[in-house]
Amino acid sequence: MLRRDINEFLTQTGPGTPMGELFRQYWLPALHVEELPENDCPPVRVKLLSERMIAFRDSQGRYGLIDEFCAHRGASLWFGRNEESGLRCSYHGWKYDVTGQCLEVPSEEGNSNFCENVKLTSYPLVKVGDLLWTYMGDPARRPGLPEFEFLQVPPEQTYTSKRWQQCNWLQAFEGGIDSSHVTFLHSGGLKNDPLFKGAKGNEYNLNDTKPFFEVADSEGGLFVGARRNAEEGKYYWRITPWVMPAFTMVPPRGDHPVHGHFWVPIDDENCWTYSFDYHPVRALTETERQAMLDGHGVHSKNIPGTYRPAANMDNDYLMDRGAQRRGETYSGIAGIAMQDASLQESMGPIVDRSKERLVPADSGIIKARQKLRKAAVALRDEGVTPPGVDPEHHKVRSAAVVLPQAESFLASSRDAVTVTPGTPQASI
Amino acid sequence: MSPFPSESAWAASAGEARYRIDGTIVSARNARVIALDERAASVARRVADGPWAQAGFFTCENSGPAGDGDEIALRGLDGVPSTLAGLLATDPDVVVVLATDDTGRAQAAAIGRACGARAIMTAGVVLGDGFEADDAVAALRPYARVLLLSADESDVFELLTALRV
Ligand code: FES
Ligand SMILES: [Fe+2]
């Protein structure tokens, strides 16, 4: 249960809100690189943290993220012409560069300097890995660029997809640290999904449906350990790292690529889910990459040309009661990503957490909310930089390990949950 | 595809959220909090002031062996003495064990075992950097469904609030 006012505090990320300011301390994924594939390509509308912007790539390959609306009379620059190193409004021809600076007001006389004083709000847009990242906060506090491992490995070892989720970011993110749903909701996937199946760890998962949990602070957020019985005297541990505000990784399975998510608020009722898969030491195989493109594992099959999943709330997520009855899927919805999204969206755009009945197994979620709230308050009241801003905090991994019963999951897994480039993931 | 919204699209809308049944939620958790050491006891005293409907707070006498657990001497914050067996006989549905160091390691194990034998949910909150209490953590691990290793004493309050104690 969460008090109603705290629920509002945590779910509102628009300008001027405490959580909005918290998000504005971090570099956030704004677009997939494929959305701006070449110089002078069509501009793309972007809404993040309840701010409407336009992204474009100019004639010299510079990326820009600027206010969507022209300073003249407020027309959308989405209709603009992206040419000759700038984006020109299609209404009366005002032209802007990637920093939002107005370069030309055609109706003015030749030596008027009127346009020098016209500048649209803009944010940096930088390619790191397969994503374009932006930082929407105070330029004086801008941190180093993100250093998550999925961004750092060579391109042939990594893949990222993107999907629109029709609910508040927090309920989507909470699914990422909620290890107790896997045995139920995703039980079909553990047996059948090409990017999950066949791992030894899956047996432990399916044989022990009542995991024990340990939740521990990390520098950037939390580690959530879920423990199940393994062989005599041993536990199977699945360790999920969370880096604030919204990065989580799923513990690996066998030699399958490792996956995770980044949730970014679009507005208070929608978010982007970025889902990645990478292997720390080898290229993804053709089969793996194809499976990802086909929407297996944590990825979704999207309506071509969009980031909207083909199974979505307008078609009841293609509910298949037959598959549910036969046990091929637990909920009747195909695919791990849409199994999560369908239930999270079913809660409503912003779930009313004052009605929840949480149990001790939800401690990871309880602790994460608490950390978010504390960090947002410390930032608002004392200007404290929150955890996860420092790129050093990004160098974590998920892990799946079998340990003797007496051992602490963290003390024994320090190396396993720390990125050492060029070493394989710790996985069973 | 149908031009009308599906049942999912219709039902998950913000407007429809207004029609959710607003049933009363009875405070379901009957919790007992046991502080294993001195610092844990002072945390328990601060938390005990909260708006709890069904919580009991106890400190644990650490002198003497823990034995099979049932005789572990406890004391309510009002000073009234009790034993673990007495506490468990009041039918708690969650026992939260608080520790900040290792003085209560034997008691931690005994409490965990006794709750485990009665199928009572046990949660452990270990405050501090984790090293001072690593034996207590190891003693609780086999039994505590959840262990929260935390630097933040307000987590105890948040946990009890979230669980509707
Ligand atoms: S069982 Fe968890 S939401 Fe229903
Ligand atoms: Fe999930």
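Before we pick anything, a word on labels: helices (H or I, at least four residues) and strands (E, at least two) are DSSP runs, numbered from the N terminus. This is a predicted model, in which local features need pLDDT of at least 70 and side-chain atom pairs count only at pLDDT 80 or more, while totals for chains, interfaces and linings use all residues. Residues are numbered from 1 along each chain as its sequence is written, chains are lettered from A and ligands numbered from 1 in the order in which they are written, and side-chain values use heavy atoms, with hydrogens and water left out.

**Stop 1: a proline in a loop**

Select Pro245(A). You'll find it in the loop between strand S15 (234-243) and strand S16 (247-249) of chain A.

**Stop 2: another loop**

Jump to Leu318(A), in the loop between helix H8 (286-293) and helix H9 (321-326) of chain A. Leu318(A) isn't a glycine, yet it has a positive phi of about 55°.

**Stop 3: a hairpin**

Show strand S10 (residues 125-128) and strand S11 (residues 131-135) of chain A, which run antiparallel and are joined by four bridges. Strands count as paired if DSSP finds at least two bridges between them. Click Leu125(A), and look across to its bridge partner in S11(A), Thr134(A). Two residues sit between the strands of this hairpin, and Gly129(A) takes a positive phi near 65°.

**Stop 4**

Next, pick out S5, S6, S7 and S8 of chain A, an open sheet of four strands in the order S5-S6-S7-S8 with antiparallel pairing. Strand S5 (81-82) and strand S8 (102-104) stand at the edges with a single partner strand each, so one side of each has no neighbour in the sheet. Two bridges link S5(A) to strand S6 (residues 87-88) of chain A, and Arg81(A) stands opposite Arg88(A) in S6(A).

**Stop 4: zoom out**

Show chain A whole: it has 12 helices and 19 strands. Its C-alpha atoms fill a box of roughly 85 × 45 × 45 Å, taken along the principal axes.

**Stop 5: where the chains meet**

Bring in chain B. The area buried between them is about 3300 Å², with carbon and sulfur atoms giving 52%. In chain B, select Arg141(B), Arg145(B) and Arg164(B): these lose the most area to chain A, together 22% of what that side buries. Buried area here is the accessible area (1.4 Å probe) that two parts lose on being put together, summed over both.

Zoom in on Glu158(B) and Arg373(A), a salt bridge whose closest N and O atoms are 2.8 Å apart.

Finish with strand S13 (residues 212-217) of chain A and S7(B), which pair in the parallel sense over four bridges. Select Ala216(A), and its bridge partner in S7(B) is Leu149(B).

Conventions
Salt bridge = Lys/Arg side-chain N within 4 Å of Asp/Glu carboxyl O.
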